[in-house]
Amino acid sequence: MQTTDRATAAYLGLAIGDALGATVEFMMPREIAAQFGTHDKLLGGGWLHLKPGQVTDDTTMSLALGNAILEQGKVDALAAAQAFDAWMRAKPVDIGNTVRRNLLQFRKTGIPEAPYSEHDAGNGAAMRVLPVALATFGQSEEAVRAACRAQAHVTHHSAFSDAACECLVFMVQDALRGARKNDLLHNHAHPLAAEYPAFKFRAVKQSANPSGYIADTVQAVFQSFFDTDDFQGCLIDVVNRGGDADTTGAIAGMLAGALYGLDEIPEIWLKKLDTDTSLSCAMQARMLIRLSGGLPEMRN
Ligand code: MN
Ligand code: MN
């Protein structure tokens, strides 16, 4: 399977997971079960009163970041901060507290790096890592880590957020190269949990109602991603846990898209996803992966 197909599937997976999860964001698993049985359709609604197939900040911030990277030809903190600021001015349907606070701070100082804070360990930087994973595909580990931090620190400057962002980016990049799920588990997910026990996802309680705290989010995503065997099963499993379901859906959709590829994304979800969003995701995926210069067919 082509790397570009996997990249496209990762971006569409992110958007589909976001749209699917947003319907049940902040609900408890038993409330979801009472209302939907199993929630598995792009219905819109939810606390944001979305249209069917409409996405939220997880996808729209990723697209804003992707645009900034394409305009600059690289991951640049100031360009990312300006893009996020313009995104906030355009009154997005939802915005995280840490994102808002640190973007308002950026407006005042012009410094595209939030001050270090242990408390800014929400999932707001991790939900939008995909454009960085694509734009730095094939680059050195140090370059990838630096790019991860540049984009993340605009709003989230925390060791836990960084660890998750970098882990997710390396997982996506290995999946784009055709790594198997087991490789991602042993080379990335287990080492993250070994370094930071907060990220343990095995031999711990089944995650339900995951919060926006990055370790809760990653725990739910990893349990769903590693314990299912296809794109659809992974996304349904993670969003029915409720909580920050649009964000767990988005991150799980990104990983599952990169791993399983375009052919495994259900047609019914692809059709329901907002058309402009779908076109933007597919276009950015191709352009960002081309920008990286990391495709084998482009090296010679
Ligand atoms: Mn959201
Ligand atoms: Mn969310």
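**Cysteines, a manganese pair and some local details**

Counting as a disulfide any pair of cysteine sulfur atoms within 2.5 Å, the tally here comes to zero disulfides. For Cys148, the closest cysteine sulfur belongs to Cys165 and sits 6.4 Å off, which is too far for a bond. Cys234 is in no disulfide either, the nearest cysteine sulfur being that of Cys167, 15 Å away. Cys148 is buried at 2% relative accessible area, and Cys234 is buried at 0%; here buried stands for under 20% relative accessible area, exposed for over 50%, and partly exposed for what falls in between, with a 1.4 Å probe and protein chains only.

A word on the model itself: it is predicted, so local features need pLDDT of at least 70 and side-chain atom pairs count only at pLDDT 80 or more, while totals for chains, interfaces and linings use all residues. Residues are numbered from 1 along each chain as its sequence is written, chains are lettered from A and ligands numbered from 1 in the order in which they are written, and side-chain values use heavy atoms, with hydrogens and water left out.

Now for the metals. Donors are taken as N, O and S atoms within 2.8 Å of the metal (3.2 Å for Na, K and Ca), and since water is not among the atoms, sites may look incomplete. On that basis, the manganese ion (ligand 1) is held at 2.0 to 2.6 Å by OG1 of Thr56 and by OD atoms of Asp57, Asp58, Asp94 and Asp246. Along the chain, these donors are spaced T-D-D-x35-D-x151-D. Asp94 comes from the loop between helix H4 (77-89) and helix H5 (97-109), and Asp246 from helix H12 (residues 245-260), so this pair ties together parts that are 152 residues apart in sequence. Helices here are DSSP runs (H or I, at least four residues), numbered from the N terminus. Both Asp94 and Asp246 are buried.

Phe26, in the loop between helix H1 (3-22) and helix H2 (29-36), has a positive phi near 70 degrees and is exposed at 52%. Lys91, in the loop between H4 and H5, has a positive phi of about 55 degrees and is exposed at 71%.

His188, part of helix H9 (residues 181-195), is buried at 14%. Beyond its neighbours within four places in sequence, His188 is in contact (heavy atoms within 4.5 Å) with Cys167, Phe170, Met171, Asp174 and Asp183.

Finally, helix H10 (residues 214-226) and helix H11 (residues 231-239) have axes that come within 8 Å and cross at roughly 145 degrees; axes are lines fitted to C-alpha atoms over the stretch in contact, with angles from 0 to 180 degrees between N-to-C directions. Ala220, Val221, Ser224 and Phe225 of H10 meet Cys234, Asp237 and Val238 of H11.

Note on methods. Helix = DSSP H or I, 4+ residues; strand = E, 2+ residues; numbered from the N terminus.
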